[in-house]
Amino acid sequence: MRMLCQCKEEASQSFCRFGLSSCPICLGDPRDPVNLPCDHVYCYDCIKQWLGPGQMSCPLCLVDLPDDYNPTVSEKHSIAIKKNAQFRKLCNSFFVDLVSTMCFKGNDPPEKSVIVELLKLMFVNKSVLRGIGCLYTKSLSPFDDVVDKTPVIRSAVLKLLLKYSFSNVKVHVQKHLSEVEANHMIDKEDKIELYMLFISCFEDSLCEKTGNFPKETKIHCLAKDVHFLRENIHLYNSSHPVSQKITIEYLQGIASLRLCLDRAAEVIFELHETSASSEEKEKKIQLENVRQFFHLTQNNWHNIYLVRTLTSQYGLEFTQKLLNNHQYHWIFPSEIIEEQKAFQPGRIDHFLVCGKDYKAIRDAVEKALITCETEVIAAALKVYKGSNSALPVHFLLTVFRELTSLYGCSGPNGRPKQKQCDILKEFIQNSRVLPSANLKSFAESLVSNQLPLLTLAPLSFGHNRMVIEMAVHTAVVLLCGQNRILDPLRNLAFLPNTMLNAFLPTMPEDMLAQAMTWKLKGNVHWYKCPNGHPCFIGECGQPMERSRCADCGVPIGGDNHRAVANFQRASNSEDKTQTGHILGDPRKRDPVITSERELSPAVLILIRLLTHLALLLGASNDAQSLLQIIKPQVQDPVNFLLQHINKDIEQLMNTLGKSADETTNVIHLILCDLSKDQQAGQWPVRFNSQLSNKEHRNKWEKSVACIIQLKLKALDEALQDLNKQISEDERLSSNPVVKIIYGDPAVFLSHLPKDSAIHSSRIWSFKKRISVEHLAHIVQQKGGKDVVPILQKFLQKEAELRQVKFLPEILALQKDLVKRFQNISEIEHRTIEDFLSSFPSGVGLKMKSRVEKFLDVWNKLRLSIETNGEIKLPKDYCSMDRTVKDPFEILLPRRRDLGLCATSLVSYLIQLHNYFINTIAKDSADANRYSVSPAEVADLHVISYEVEKDLIPIILSNCQYSVQKGGEALQEFDLEKIEQQVVSRFLQGKPTITLQGIPTLKHRYDQNFEHLFSNIKTKLKTQSSLSNSKMGMIRGDLVSYSDICEALSVTEIILGFLATTGGDSHMTLTDYTKNVLQMSNQISLPVMKALSRCQIKHAISLWQLLSSHKSEQLLHLKKDPFGEINAAYKEELTEKSTDLLKAFLTQTGLEPFLQELHEMIMLKLKHAKVGEEYNPTWGLKEVLIPYLEGKGSSELQDLDDLFPDDILVSQCIAAWKVTATLKQSGCGPGN
């Protein structure tokens, strides 16, 4: 501490010649500093207030100043003070880190003297000018130069102490509390907030320690609740007086009780609203013990806390429903039950967000419906002070609120009467309040409760009613609003047929396609390897050197502007961004939002919710068109959209950290802002209303985001004002439940204990628990992109990043599958379920677990893989969740077909992992950076954490509380510390993972055989064709189809090694497999016999024979050997062409033609783009002759003279099949 003080003093001297100190008047850093001639520095406001006639002297040293002295701000001192404050902040941060890591490490707290010294650091005795010394508070710091003007109690040391067992530190914590109370820094009223600070710290500590034990399942927590309630009944009994001196044990017990009641609220909701679960017995036991606890303690503050928790989490309507259910009366204070009998329960009017003008119309319509006379409405309209455009909105919302909502009443007496409906309909038709026929028709539908899909049924409660309310508000805004920004939503709601090809808001987009349009320091030219993986070339855009694809290892690049074979420019038109709604099953959506296009989480959720509400309205207007917008199509679009809307509301609630009713109010606030008239030039329209491309969609999102962000900046103030309006609304002011939620229960409940500060409304108010989503929102609001960039990126991707820990398990699954199926040509399992059922009972449990994890991770990441993955997949591959009913090929890691799902999943997880490892590497000089291949990946190599066990405790430990005199306990997050700990615990020291070496099941045509054959010819120089006699003997050796497949698979392995290492041309293939490859014990005898007839120089010829022979066998088995070839090459031969072909085959070598044509089909046409490389309308002879010449083949010398000119490339497969059939029938030369 002495060293830090000395360093700061020296730094102060370097910033300013005479050093820097606090303003002697306010004891803070001088703001707008004024340097007096005596070199004492003051705040401008402080010295200006001091100086005056008869008092023209320095307040500190009393040096006289000229009578005409005019203080001026010193720019030099302003800069110096700013630098000094920054240096002090760095020193404080270092000091706190040092204390945390050195003093509070290990399993035991530091010595008593250390704790005492740290507690002393939070107070300092200072005097103002030459007055008597006084005790001030300050932050945990070794420096005394800046103090709090108003006393502030902070939780810094308390949080450090609570890292340890309570029994080990309770003496120190009690002393800290006692000293704060004894210092008389806070008034009696402030003690409640002080106790709230301690309770909040205890709650964080309890949650943090629970999170550190993953075995603390819900059942264990419920069991601990039961034990706590039974053991502590006597402490919280209303007849048990609370000591005037509040103890730490008592405050910790309050924290434990609050957490217990939080879980009770969750249990009540689950038992009431959801289906039975395996934990139902434990839940009922816990709830029964809470009921008994309430009955025995007779302390209604506990009931009030539970009611507040239920309302905050699930809304006032849910609490009201419990109040109407005799089974749950024990939750409420008895006085509330009695009051409820005489009160007709009212519902929160969320439309009060529209302001006083709406309320005036609402009250007038209410009176009109009671008296059945509309003159009162007309009178209200005459004095209406709102805008002309707002009037229809307010009137329609009033109709829904005052009349339509009554259709939800349980009994007929509460529902609208026919006379009420008639007089309101008559007013609608005769009044000018609604300027168009459409609006009048909509209003009449509201009166009759006949809006399609939005009708209210008796006993409508909960989320569905809340959603209908939102949907009606949305419909009214879209019908009445003139703002052009509403056009896309208006089309979705009322003209969905115009949005069939629209790029819907907040849907994921293809980021790789967007990257291909970037221009970074000159041109960037995108290419793709033969297997389709992206890469780029800079400068001139032409290849000047060779390399290998990072994904699959095939050659890429080229020499002297000449690209290697099949290394091609990537077209910008390959954008995979999809139109329509592509979020899929709402039940599978992750609870944490994944950001899109730099929209903050809260903004994205709100825009997505507005889109879903518009789609819900569209389902009522044009269901057929809406079904075409949703991809994949669903049977029940209304239920589908309702589930999405409920998921949006849940995510918004967690992100904003607000109660259920407040979250609903936020949505209505945004709708109100969108309904306001657009001022000239306010939001320039740079999009079309059909969102016909993603650029228009993105511009629209930015425009709406501007409106939403303005509201979110002042959200707390807006909600505070709105809550006040709601609590004062005469409809609700007498509602006993509303009194508990918004008022002070001590005012109107006579049986509440009031003998202690603990027995107060503030202590028993619900506090929203900390969540990852809420932290992400806080980081966004505080400009995290500049302050904590790594933390912001981490939180944006957290929903996906938590899946990276499963990479080792998925890789282990893929290694096992490759090992099982590498040399098997035909997979017998049709579905994943078939494969899993092939294991004996009990043997395949690990395999089943890995497969389930693979499917779970795929379903959570599929949309991101489609839009952001480096491996591009066909649209339908990612369009739906995968289950065990899906094809088995999904699990097999391949570079083709459905196998791309497995490969792309691993590639994306590696890509995600590497992005963060490389991000932190940029900011650190880590000399020990290393990389591992997928074959080496273990759990310790990957980013791995549990949200509840690892991440939430970090957030809780860096959440500090403070109480300023006269204010409430405030919560603040140390974002820099959270970022530092996230980096050090989850990211630092991890290797990057190479993409080369991903387990891959090589399909026989996944390899580029042209490159393979070229490399073999280069290394071996000599390659010879097999003689007819040897080919005949090989066919005789390989009798069965499985033998042919095995021989072909082994030959391909041999070719792969020969292309890399070369070999002795005269060595037999049996010797090569036995002595070089050491795989002879894995090869069957028939295959070894066939290989013994060939030397290495025959390897290519053998492959040609076997691949053609396999296709012949498939043809014989009535299967299509060319199922993966485009249909454009499968045109049938005419009778004339068939006769000409047969005539040709009787005069030439049938076997060479069969093999050469087969090779060309499989190597050239399989991946060919129809009409580009091999046009189906070309003559087959024109294509086949150059192909043979290009590979240096001397076969088929008479092809140019004898082959029919009429046969086209489109008929090549038909020509091969005719040839194979001719051979099987024994016709033709050599048979």
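Visitor: Is Arg-258 buried or exposed?
Guide: Arg-258 is buried, with a relative accessible area of 0%. Buried means under 20% relative accessible area, exposed over 50% and partly exposed in between, with a 1.4 Å probe and protein chains only. Please note that this is a predicted model: local features need pLDDT of at least 70, side-chain atom pairs count only at pLDDT 80 or more, and totals for chains, interfaces and linings use all residues. Residues are numbered from 1 along each chain as its sequence is written, and side-chain values use heavy atoms, leaving out hydrogens and water.

Visitor: Which side chain meets that of Arg-258 in a salt bridge?
Guide: That of Glu-203, at 2.5 Å from N to O. A salt bridge is a side-chain nitrogen of Lys or Arg within 4 Å of a carboxyl oxygen of Asp or Glu.

Visitor: What does the pair tie together?
Guide: Glu-203 lies in helix H7 and Arg-258 in helix H9, so the pair links parts 55 residues apart in sequence. Helices (H or I, at least four residues) and strands (E, at least two) are DSSP runs, numbered from the N terminus.

Visitor: How many salt bridges are there by this rule?
Guide: The count comes to 38.

Visitor: Now the strands: in what order do the three form their open sheet?
Guide: The order is E5-E13-E14, with antiparallel pairing. Strands E5 and E14 are the edge strands, each pairing on one side only. Two strands pair if DSSP finds at least two bridges between them.

Visitor: How many bridges join E13 to E14?
Guide: Five bridges join them; in one of these strands, E14, Glu-972 is the bridge partner of Gln-960.
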